[in-house]
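Please look over this structure with its strands in mind. A short report accompanies it.

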Amino acid sequence: MNSLPIIDIAPLYRDDPAARQAVARQIDSACREWGFYYITGYPIPATRIAALKTAAEDFFARPAEEKLRIDITRSAHHRGYGAVATEQLDPNRPSDLKETFDMGFHMDAGHPDVLAGKPLRGPNRHPDLPGWEALLQQHYEDMHALSLTLLRAMAVALGIEEDFFDRRFADPISVFRMIHYPPRQTASSAEQQGAGAHTDYGCVTLLYQDSAGGLQVRSLDGEWIDAPPIEGSYVVNIGDMMARWSNDRYKSTPHRVISPLGRDRYSMPFFAEPHPDTEISCLPNCSGPDNPPQYPPVSCSDYMLSRFAETYAYRREAEQA
């Protein structure tokens, strides 16, 4: 039990109910035992990943003043560029040694939700680079579709309607993120990590990581184990909202990134998160007389904003203003 399971999800795209059920059982086991697993057999082409990594390397290598034109701390809906040390995922460590770019579900400034000032709703803020916006928008849509494929399998495993999550992930607040981790020797201190130990906020995270390594996952016995890059795979993990939905049947597992020595690391997670008005409450079949619901109901947006306030100083300041 010192390595994460690898699941071929290709059968989820075939008209073979028995094969899809078998994959759902594998996902269920991985979510119960680890909260983490690798997937292969998904339809995202390798050429797309290569194009995205090239775009990320280009963007993050640009001067700070250019990147800060879309500074995330000046965004009302958490979109754009986050400079090094903008985030502090582990409150017991210095702010993280990474810089980021975040995009979400695009809504024009004239959309009723944006005009109403609903949180986490608004237009994306892209750098002015040829082909960037079209490339990332297509990838966002494809990752949303892939996340729904996994969520349908999880719904089958949980014994609820297969389309339960489809209906709740319409117009989601899912986020696609690009991350650049500078080499470890650029850290402000020995205590500064690439990403401090944390659990993800949403439902399911799908992570591409390059060959640099550095991702670690905490096992049930408290040991940190490496989750090394496997070519042609995504790392999938459960977030806090899914743990709440499943009454901790599925585990939201702490993980961290130790920046590699002597080289840059790039990763690209997709955080699958539902419509902001979705109520997160204990699912049918996930509680009983000896296992009552562990969490009170909460809306998706309320939960996300509470976690953002813990992680981002600029969000805390906005809420206190």
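The report below covers the sheet, its pairings and an annotated domain.

## Sheet layout

The model is predicted. Its open sheet has eight strands, ordered β1-β2-β10-β7-β12-β5-β4-β3. Pairing within the sheet is mixed. From one strand to the next, the twist averages 25 degrees.

Helix α1 (residues 17-33) packs on this sheet. The helix touches β1, β2 (36-40) and β10 (234-238). The direction of α1 makes about 160 degrees with that of β1.

Strand β7 spans residues 204-209. Six of its six residues are buried, so the strand is largely enclosed by the rest of the structure. V204, L206 and Y208 point one way from β7. T205, L207 and Q209 point the other way.

β7 runs antiparallel to β10, with four bridges joining the two. Here L206 stands opposite V236 of β10. β7 also pairs with β12 (residues 265-272), over six bridges and in the antiparallel sense. In that pairing, Y208 has M268 of β12 as its bridge partner.

## The β4-β5 pair

β4 (residues 99-103) and β5 (residues 175-181) run antiparallel. Five bridges join them.

## Annotated domain

UniProt lists residues 171-274 as "domain: Fe2OG dioxygenase", in an unreviewed entry. In the model, this span is 6% helix and 38% strand. The C-alpha atoms at its ends lie 8 Å apart.

Conventions
Residues numbered from 1 in each chain as written. Predicted model: local features only at pLDDT ≥ 70, side-chain atom pairs only at ≥ 80, totals over all residues. Heavy atoms only, no water. Pairing = 2+ DSSP bridges. Axes fitted to C-alpha atoms, helices over the stretch in contact; angles between N-to-C directions. Contact = heavy atoms within 4.5 Å. UniProt positions renumbered as here; feature names shortened; annotations may be inferred. Buried < 20%, exposed > 50% of the residue type's maximum accessible area, 1.4 Å probe, protein only.
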